[in-house]
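Reader: I have some questions about the labels used for this structure. Please set each value against its definition.

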Amino acid sequence: MDAGGRVACFLLPLHAAQVRVALQILRPEQAVIALCPDETALAVLLHCEEFSHDIAAHRLWFAWGESWAQELERLFDERPGLALPAQFIRASAADTGPADALIPIAQPIFHAVAERRLLSVRHTRETWQRSRTAACRTCVVAPSHFRLWDTAGPTLADTLSGAAGLEVIRFDSDDPLCASPEALATEAAGCDAIITPGTARGDLPDIVPLEMPWVMWVVGPRIPAASAAGPRDGLLLADASWLRMAVEAGWPAERVAIAGWPAHARLTSDSSTEPDRPLALVADTRVIRIPDAVAEYSSHRLLWECIEEELGSDPFLLLEGAERYLIGSMRRLQIGEEGFDRRPFLQCLIEPAYQQALARLLLFAGLPLKLWGAGWESLEEFSSSAAGIVSSRSVLADILRGSAGLIHAWPISHAHPIEAVPAPIARPARSAAETIRRARALLSGEPPRPHTIAAPLDAQRVTTLLERLRAE
């Protein structure tokens with residue numbers, strides 16, 4: 001069930017509960033196609049569980065009956081936005097033969113559909129023409145599902161919606177019917193430009209015409225290489241310090257603009273009726289476990305264990321940033337870059353270790369702190385302070401209203417979306433004592449150190465950049 005793609009193919013589900021559990025385990029933007037050759041069994045399955053919401057959300061599809069193979073192929077031809085399955089799901093059973101027998105029939109269908117879609121994308125790209133409308137029709141990739149602190153897409157769409165000179169076409173990449181490359185190619189074909197958060201042309205090559213401006217809103221310190229860009233592509237940078245990196249990556253300065261996280265209006269709350277509001281640390285965390293891929297190398301295991309011990313007692317070793325700290329730790333243990341995957345160390349070790357050490361520090365100092373987000377309830381030492389999962393924008397807004405302030409919980413010096421929330425924030429300090437002092441200041445109502453977002457994202461800034469790119 002570790003399905004990495006957007007669609008998984010369930011081979012011969014035995015009963016409705018298996019389909020329900022599969023949908024629960026997969027992410028909300030992932031879909032299941034169930035292959036059900038027995039029509040009677042499918043009828044029983046559909047009577048044993050309520051799937052109407054999943055079907056309406058485009059998360060559940062069926063290919064059934066003796067002609068299930070033809071139904072499967074027709075499904076993809078009629079819904080070109082539905083991605084091809086990246087993985088098969090098979091229920092545990094004493095005899096897996098009947099389920100396995102469907103694989104050699106399904107795989108050629110996937111290959112044939114993939115070939116037809118490739119030709120369709122190529123035709124769409126090669127026949128593109130710029131529209132003759134006065135407003136620039138702009139495809140904005142904006143996933144609809146809520147993800148804590150991953151709000152770049154909705155922020156883009158909301159900021160640009162209704163702007164003069166722009167006609168925004170919102171592409172919901174979370175809809176399983178918009179998950180294939182053909183879906184994006186088709187949507188972009190009716191537009192004059194495309195704007196994506198965190199994704200550049202090089203990440204999705206040969207999808208849109210080379211002449212169409214592709215603007216990436218860079219919200220992390222990864223600058224795409226200009227060599228993989230089109231002649232009219234551009235960058236919006238959420239942090240002004242990345243401008244030098246962009247120029248070094250080959251981007252002409254006139255195709256780059258600064259566009260930080262836009263600050264939201266302050267939330268209104270009557271502090272006189274809530275004098276004892278706690279601090280809030282709002283971040284998903286996880287139990288720190290060494291992955292098998294790391295554990296199989298003795299030097300990588302040693303590095304993991306050293307970092308876990310160091311950061312558990314002193315999170316301020318990350319003052320210069322997580323990447324720099326990791327590189328320094330690798331050099332101390334004489335571990336080379338070749339074949340080394342930084343991602344599990346950064347995402348599964350350094351970030352959660354920092355957040356947990358920060359929470360431990362503040363709780364030990366006796367500060368009233370609520371820990372919001374997934375994972376805290378699974379850690380025994382933090383379970384009593386765990387407040388729940390942040391499942392929507394409204395839940396986050398309620399947290400902000402009910403808190404004296406937020407704790408910035410990321411070992412980074414660059415821009416983060418928390419800087420735009422309408423609440424006072426205690427930002428990273430260079431010592432435990434200063435961190436505790438800043439947190440106490442929020443509780444006492446002392447205004448935090450002002451933080452100004454230079455050149456925040458706005459419609460005029462984006463429109464100006466698009467006009468410049470389209471004129472080239």
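**Labels and their cut-offs**

Author: Arg470 lies in helix 16 (residues 459-471); helices are DSSP runs of H or I with at least four residues, strands are runs of E with at least two, and both are numbered from the N terminus. This is a predicted model, where local features need pLDDT of at least 70, side-chain atom pairs count only at pLDDT 80 or more, and totals for chains, interfaces and linings use all residues. Residues are numbered from 1 along each chain as its sequence is written, and side-chain values use heavy atoms, with hydrogens and water left out.

Reader: Why is Arg470 called buried?

Author: Its relative accessible area is 16%. Buried means under 20%, exposed over 50%, partly exposed in between (1.4 Å probe, protein chains only). So Arg470 is buried.

Reader: What does Arg470 touch?

Author: Contact means heavy atoms within 4.5 Å. Not counting residues up to four places away in sequence, Arg470 touches Arg130, Cys136, Asp192, Pro213 and Arg232.

Reader: Is Asp95 buried or exposed?

Author: Asp95 has a relative accessible area of 55%, so it is exposed. Asp95 sits in the loop between strand 4 (87-90) and helix 5 (97-100).

Reader: Which backbone nitrogen lies 3.0 Å from a polar atom of the Asp95 side chain?

Author: That of Gly97.

Reader: What makes strand 13 and strand 15 edge strands?

Author: The open sheet has five strands in the order 13-12-11-14-15, with parallel pairing. Strand 13 (386-388) and strand 15 (425-426) each pair on one side only. Two strands pair if DSSP finds at least two bridges between them. Two bridges join strand 12 (residues 369-372) to strand 13, so these strands pair.

Conventions: Polar contact = N/O pair within 3.5 Å; in protein donor to acceptor, adjacent residues only side chain to side chain.
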